[in-house]
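Reader: I am new to this structure. Please show me how to read it, one feature at a time.

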Amino acid sequence: SSPAPPPPPAPLPPPPAYPTTREERTDIEGKKKKKEKKRKEGKRMPPLLTYAARVSDGLPLVASFDPSSSGGGGADGSARSTEEHKRQAKDLLRNLSGGRTTGRTSIETSGNNVFHHLVRDGICYLTLTEGSYPRRLAFLYLEECADAFVGEMSRDYGDRWRIEIDTAARPYQFIKADPALQRLRRNFVDPTSRQNATKLNEDLSEIHSIMRRNIEEVLNRGEKLENVSAISSKLVDQSKEFKWGAKKLTWQAMVNQYGPMAAMGAFVLFVLYMKFF
């Protein structure tokens, strides 16, 4: 009997569907752009708000806000959250009275956000970021805000800028410095950018020097931020006293160890001097 004929070859898979019309191609390109935009926005973590305030009484001198979180055209929940953050920021600034607050402090809020504040030349620079935003980068942002604000004041008032701040009577009297802060804010939107990564690598400050507090501790318990600074200053003073005490004990130990030998040597030299001279 003759062999059975081989089975017919399997049909080839249909070729991939390619966009054939202009509308289809436009739709695919639009989806790609939306996907790329969403991927980039996933890295966006801009400082949500920034204040510069006088430490002596907490008077806000200038404020700058992230336009995307200002509530304009956004959801009601986002607007309410932004207003709550502004209220908390003003409460924190009012707790700066006394003018003795120094250093850098991070204050955790009830949500996934953190206030960071830096005091320099009697001015407090305060910003709010997401909890995952690098703390060191937040304080580098505040340092640059301080430089930019003082630069704007110096250009407008020269050597009298310090007097202008001390005598300011209206809140947000120097709001014209906001554009400079907005430009800085855009530079710190993406913590993973090459520019910000370089800043972090060049920053020599230590992360453990940043004090962390909880906003309930600062506001609900009526604790002044200056008290936080007083604790830090007290620890520094105690460490200096401990260092001096350690040197003193070392000196006393050397005297106790070598003092008798030195006294004996001096006595022998005295006896020899009296005998031969």
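Predicted model: local features only at pLDDT ≥ 70, side-chain atom pairs only at ≥ 80, totals over all residues.

Reader: At what angle do α3 and α6 pack, and how far apart are their axes?

Author: First the general idea. Two packed helices are described by the angle between their axes and the distance between the axes. Here α3 and helix α6 (residues 194–202) pack at about 95°, and their axes are 10 Å apart.

Reader: Which residues of α3 and α6 meet?

Author: From α3 come Arg136, Leu137, Leu140 and Glu144. From α6 come Asn196, Lys199 and Leu200. Sorted by class, this contact has 3 nonpolar, 1 polar and 3 charged residues.

Reader: What comes just after α3?

Author: Gly158 does, with a positive phi of about 65°.

Reader: Are α3 and α5 roughly parallel or antiparallel?

Author: Look at the angle again. Helix α5 (residues 178–187) packs with α3 at about 155°, with the axes 9 Å apart. An angle over 145 degrees counts as roughly antiparallel, so that is how α3 and α5 lie. Their crossing is right-handed.

Reader: Which residues of α3 and α5 meet?

Author: On the α3 side they are Tyr141, Glu144, Cys145, Ala148 and Glu152. On the α5 side they are Ala180, Leu181, Arg183, Leu184 and Arg185. By class, the α3 contact with α5 has 6 nonpolar, no polar and 4 charged residues.

Reader: Now the rings. How many aromatic pairs are there?

Author: The count is 4 aromatic pairs. Take Tyr51 and Phe65: their ring centres are 5.9 Å apart and their planes are at 80°. Planes over 60 degrees apart count as edge-to-face, so this pair is edge-to-face.

Reader: Where do Tyr51 and Phe65 sit?

Author: Tyr51 is in strand β1 (residues 49–54), and Phe65 is in strand β2 (residues 60–65). The pair links distant parts of the chain, 14 residues apart.

Reader: What is the phi of Asp121, and where is Asp121?

Author: Asp121 has a phi near 55°, positive although the residue is not glycine. Asp121 is in the loop between β4 (113–120) and β5 (123–130).

Reader: And what is the phi of Tyr172?

Author: Tyr172 has a positive phi near 60°, again in a residue other than glycine. Tyr172 is in the loop between α4 (161–166) and α5.

Methods. Residues numbered from 1 in each chain as written. Heavy atoms only, no water. Helix = DSSP H or I, 4+ residues; strand = E, 2+ residues; numbered from the N terminus. Axes fitted to C-alpha atoms, helices over the stretch in contact; angles between N-to-C directions. Parallel < 35°, antiparallel > 145°, perpendicular 65-115°, else oblique. Left-handed = near helix turned anticlockwise from the far one by under 90°. Contact = heavy atoms within 4.5 Å. Nonpolar A, V, L, I, M, F, W, Y, C, P; charged D, E, K, R; others polar. Phe/Tyr/Trp six-rings, centres within 6.5 Å; stacked < 30°, edge-to-face > 60°.
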